[in-house]
Amino acid sequence: MFIGAAIAISLSTVAQLEPLTHRMTLSEGLDSPARIAVTAAEILVTDPRSGVIRRFDTSGSPLGAWIESGGPVGVAVHPDGRIFVSRRDAKVAVYDSTFTFLQFLGSGVVAFVQPTDLAVDFDSGLVYVVDSGADRVYAFDAAGALVLMFGTRGSGFGQFKNPSAIALDAINQRILVADQDNFRV
């Protein structure tokens, strides 16, 4: 399910604790790959320097690119097919499955400072946004309403210094946040 640095590996190999087997490298057209989202049919890779989201089929063949004028950073796909993109211009854009713009997440409710990463809880439909510049994590329901906000600047429990990435551990019901300048997760 997870693909890092635009290199896919066999997860069954990882589970067996054997050496990783390289299966493919996605590189065509990539200038500065930043984040990855995977659907049943596609692999989406944000490319902030180029201002696009590169699309590959699951075998690694290029399918094209979507232009994201705000500078795409993070990307996540909702179970209903919507695509969420955190952008360098401090917004989170929401698109339908054909990449037609729908809205900005949190408009009028949240003033993002530097949203860097996204995660979607496939059971609840919640969309999580890590805002590195605000040292905070937000969660929105499927309708776009803010339902959770946590984090302040600092090094104590529940505090962050430049949180940069987020992942959901559904099995253990945890939210994992890479807290970059506190050197912890």
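Mentor: Leaving aside neighbours within four places in sequence, threonine 116 is in contact (heavy atoms within 4.5 Å) with Arg35, Val73, Gly74, Ser86, Val130, Ser132, Pro163 and Ser164. The model is predicted, so local features need pLDDT of at least 70 and side-chain atom pairs count only at pLDDT 80 or more, while totals for chains, interfaces and linings use all residues. Residues are numbered from 1 along each chain as its sequence is written, and side-chain values use heavy atoms, with hydrogens and water left out.

Threonine 116 has a relative accessible area of 10% and is therefore buried; that term means under 20%, with exposed over 50% and partly exposed in between, for a 1.4 Å probe and protein chains only. Threonine 116 belongs to strand 11, where strands are DSSP runs of E of at least two residues and helices are runs of H or I of at least four, numbered from the N terminus.

Strand 11 (residues 115–120) runs antiparallel to strand 12, joined by five bridges; two strands count as paired if DSSP finds at least two bridges between them. Within this pairing, proline 115 has aspartate 131 of strand 12 as its bridge partner. The two strands make a hairpin with six residues between them, and glycine 125 in the turn has a positive phi of about 85 degrees.

Strand 12 (residues 127–131) is mostly covered, with five of its five residues buried. Val127, Val129 and Asp131 point one way, whereas Tyr128 and Val130 point the other way; Val130 is among the contacts of threonine 116. On to strand 13 (residues 136–140), strand 12 pairs in the antiparallel sense over five bridges, with valine 127 opposite phenylalanine 140. Four residues separate strands 12 and 13 in their hairpin, where aspartate 135 in the turn has a positive phi of about 55 degrees.

Strand 7 (residues 72–77) pairs with strand 8 in the antiparallel sense over five bridges, and alanine 76 has phenylalanine 84 as its bridge partner. In the turn of that hairpin, which has five residues between the strands, glycine 81 has a positive phi of about 95 degrees.

Strand 8 also runs antiparallel to strand 9, through four bridges, and isoleucine 83 stands opposite tyrosine 95. Alanine 90 lies in the loop between strand 8 (83–87) and strand 9 (92–95) and takes a positive phi near 65 degrees.

For the whole chain, the secondary structure comes to one helix and 18 strands. Its radius of gyration is 16 Å, close to the 16 Å that the globule rule gives for 185 residues, so the chain is as compact as a globular protein of that length; the radius is taken over C-alpha atoms, and the rule is 2.2 Å times the number of residues to the power 0.38. Of the 185 residues, 44% count as buried.
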